[in-house]
Amino acid sequence: MGYKMNKVGKNFRKNLIIFIIVWCILTILFVAPISLAIKQATENGVFDMPIFIENVVPAISSFNSIFKVLSSEYIGTFFNTSLFFTAGFAIVVVIGLAKSAPKNEYSDIEHGSSDWSENGQQYRILNKNKGIILAQKNYLPVEKRGNINVLVVGRFRFW
């Protein structure tokens, strides 16, 4: 279970800046116009859906809505809408990270790599500079005495 949390943590640190940029873009392009339309639809004290629908499309297509919602009249509605959007966005991000967690500890390990060994352990048998290529940075030395038989698992395709 620890490998899952390590992988999710590593991916989260990598993608945190992307999540922040997407959140900022969505807040500017959609949350600000929607909060502007919500405020205009609730001026009578009750939410009026036809007024909201009538005002949301022009607000989205107009880029001055972000400046309008930062005025003192609309700022409270903007912060409330942003709070709900941020909570929903955080839930979607957490679900996405949970879905992208590895299914087992061998997920995303290249087949044929030297990830099976630790701390240069494979170089007692293999060479990292020259010989018959086995994997990236792993060569079977040809000048080695003794048995240097190689078992190749897989297939070659010739088109």
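**Basis.** I worked from a predicted model in which local features need pLDDT of at least 70 and side-chain atom pairs count only at pLDDT 80 or more, while totals for chains, interfaces and linings use all residues. Residues are numbered from 1 along each chain as its sequence is written, and side-chain values use heavy atoms, with hydrogens and water left out.

**Elements.** I found four helices and two strands, taken as DSSP runs (helices H or I, at least four residues; strands E, at least two) and numbered from the N terminus. Their order from the N terminus is α-α-α-α-β-β.

**Whole chain.** I looked up burial (under 20% relative accessible area, 1.4 Å probe, protein chains only). Of the 159 residues, 23% are buried. For contacts (heavy atoms within 4.5 Å), I took those with a separation of 6 or more, and 46% of them join residues 24 or more positions apart.

Beyond four places in sequence, Ala32 touches Thr27, Ile66, Val69 and Phe78.

**Ser35.** I placed Ser35 in helix H1, residues 2–41. Is Ser35 buried or exposed? Ser35 is buried, because its relative accessible area is 1%. Leaving aside neighbours within four places, I listed its contacts as Val69, Thr77, Phe78 and Thr81.

Conventions. Buried < 20%, exposed > 50% of the residue type's maximum accessible area, 1.4 Å probe, protein only.
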